[in-house]
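Here are a few notes from going through the model, set down as numbered points. Have the structure open while you read.

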Amino acid sequence: MKHAERNLAKRFDSPDRNARFTDLVYGYDGRAPEAVRREMRQSVEAFYPEANRYRLLFGDLHGHTSLSDGRVDVDTFFRNLRDLAKVDFCALSDHDHGGVGRAPLWAIDPDTGLSKWDITLKKADEYNVPGRFTTLPAYERDSYPWFSNMVIYYRSTRNARMFRGARDGEITARELERLYEREDVLYGPHTCGMVSPGCDLNGREAAHMPKTFEIFSRGGAYEYYDNPFPAPSGIRGCGYIDALENGAHPACIACSDDHEGCGGRDIPGREWGYTGMTGVYAEDNTRTAIFDALKARRCYAFMGEKRVVIDFRINGRYMGEIFREDGDKRSIYFSIGGETPAARVDIIKNGRSVAFFRDCQRELLFDYTQERAEDYYYLRVLLKDGRYAWTSPIWVQR
């Protein structure tokens, strides 16, 4: 890719137009065609990044029990995820109000001296087995008007105090800013694209933006307004692209929002039966490693219990990274695997698809064009069975 006029003629480029590849095409030397083609492939693969150095783990980060409005008790919730769904990690995230007409999570039971939140943390520690099955402390907090429904995740149970503001069910800008300042907390909206409980992401300051974005749950998909697998209602300005276009840097996740003891599993025959799952590239299967990976946005979201494997990098940088590039070439690489082949992969740049590939599991292309002071890229993957997957973005500054 050394032609002096490449940037004048092209915005995107393919590695099969590298100089060595062209020389092999035109430089007949008597070798068998198979040997030449092998070297041609090698000249292309030389641009591919090194093997992913992280461990890929799968989990469901949102579900409910009888501590609020779910149908199963806490033990059944964790055992179903561990033994039936066979996820690597999960989060129990009951509603802070504890269910309509029932005691909130912080209320103390006079007989036991424990609150529902105490039980949540105790059980999370009980089922947490480092290296095998990780449970993240979490709960769903009503947060009108900024997010309405917001799931909060903690790095550990030690400092996992619930956030209560001036009025339960609501949150102020200053209260949200204090939450934003916490290094051991992640949070983001749930069912954000619905009229109620939606959230308008236009024109917000960074401290009022989400740190995670639940792009899919059994309540629908929220990549953009009225996208495939839409929610029962919708309003503009609430989607994943809206968050990114307004400067947010969230981790992309998907969750089941399960209420029936089917977390991490599909419910056959139901219109909204797909579970939501999150793939995380972490150092290890521990709370610290998974939380840190989510915080670094080294994760992606997909629909359904069938596992999807995605590796997405730019100039060797992993999904979720923000980096500066002063050169004029961005090497965009992806690899798609798992239980279902990809039907189509779209590269989304600054809110629109700029390249797509059909029936392609692995590819690399070059982008020569800086559009903004900070460009963002992510993948939208349509699988052969109709499910979707989405990656956290990579941001490139100049």
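Helices and strands below are DSSP runs, numbered from the N terminus: at least four residues of H or I for a helix, at least two of E for a strand. Keep in mind that this is a predicted model.

1. Start with the cis peptide. The bond between tyrosine 144 and proline 145 is cis, with omega at about 5 degrees. Proline 145 sits in the loop that links β4 (134–143) to β5 (148–154).

2. Lysine 86 is not a glycine, yet has a positive phi of about 55 degrees; its loop runs between α4 (74–84) and β3 (89–92). Asparagine 350, also not a glycine, has a positive phi of about 50 degrees, and lies in the loop between β16 (342–349) and β17 (352–358).

3. Are those two buried or exposed? Lysine 86 has 57% relative accessibility, so it counts as exposed, the cut-off for that being over 50%. Asparagine 350 has a relative accessible area of 6% and is therefore buried, as buried means under 20%.

4. Now the helix pair. The axes of α2 (residues 19–26) and α3 (residues 33–45) come within 8 Å and cross at roughly 165 degrees. Angles over 145 count as roughly antiparallel, so that is how α2 and α3 run relative to each other. On the α2 side the contact is made by Arg20, Phe21, Leu24 and Val25, and on the α3 side by Val36, Glu39, Met40, Ser43 and Val44. Sorted by class, that contact has six nonpolar residues, one polar and two charged. The crossing of α2 and α3 is left-handed.

5. There's an open sheet of three strands with mixed pairing, in the order β8-β7-β9. Its edge strands, β8 (220–221) and β9 (251–254), each pair on one side only. Between β7 (residues 212–217) and β9 the pairing is parallel, over four bridges, and phenylalanine 213 stands opposite cysteine 252 of β9.

6. Finally, have a look at β12 (residues 308–314), which is mostly covered, with six of its seven residues buried. Seven bridges pair β12 with β15 (residues 330–338) in the antiparallel sense; phenylalanine 312 faces phenylalanine 334 of β15 there. β12 is also joined to β13 (residues 317–318) by two bridges, again antiparallel, with arginine 317 in β13 as the bridge partner of isoleucine 314. The β12 and β13 hairpin has two residues between the strands, and asparagine 315 in this hairpin takes a positive phi near 50 degrees.

Definitions and conventions: Residues are numbered from 1 along each chain as its sequence is written. This is a predicted model: local features need pLDDT of at least 70, side-chain atom pairs count only at pLDDT 80 or more; totals for chains, interfaces and linings use all residues. Side-chain values use heavy atoms; hydrogens and water are left out. Two strands pair if DSSP finds at least two bridges between them. Axes are lines fitted to C-alpha atoms, for helices over the stretch in contact, and angles run from 0 to 180 degrees between N-to-C directions. Angles under 35 degrees count as roughly parallel, over 145 as roughly antiparallel, 65 to 115 as roughly perpendicular and the rest as oblique. A crossing is left-handed if the near helix is turned anticlockwise from the far one by less than a right angle, and right-handed if clockwise. Contact means heavy atoms within 4.5 Å. Ala, Val, Leu, Ile, Met, Phe, Trp, Tyr, Cys and Pro count as nonpolar, Asp, Glu, Lys and Arg as charged, and the others, Gly among them, as polar. Buried means under 20% relative accessible area, exposed over 50%, partly exposed in between (1.4 Å probe, protein chains only).
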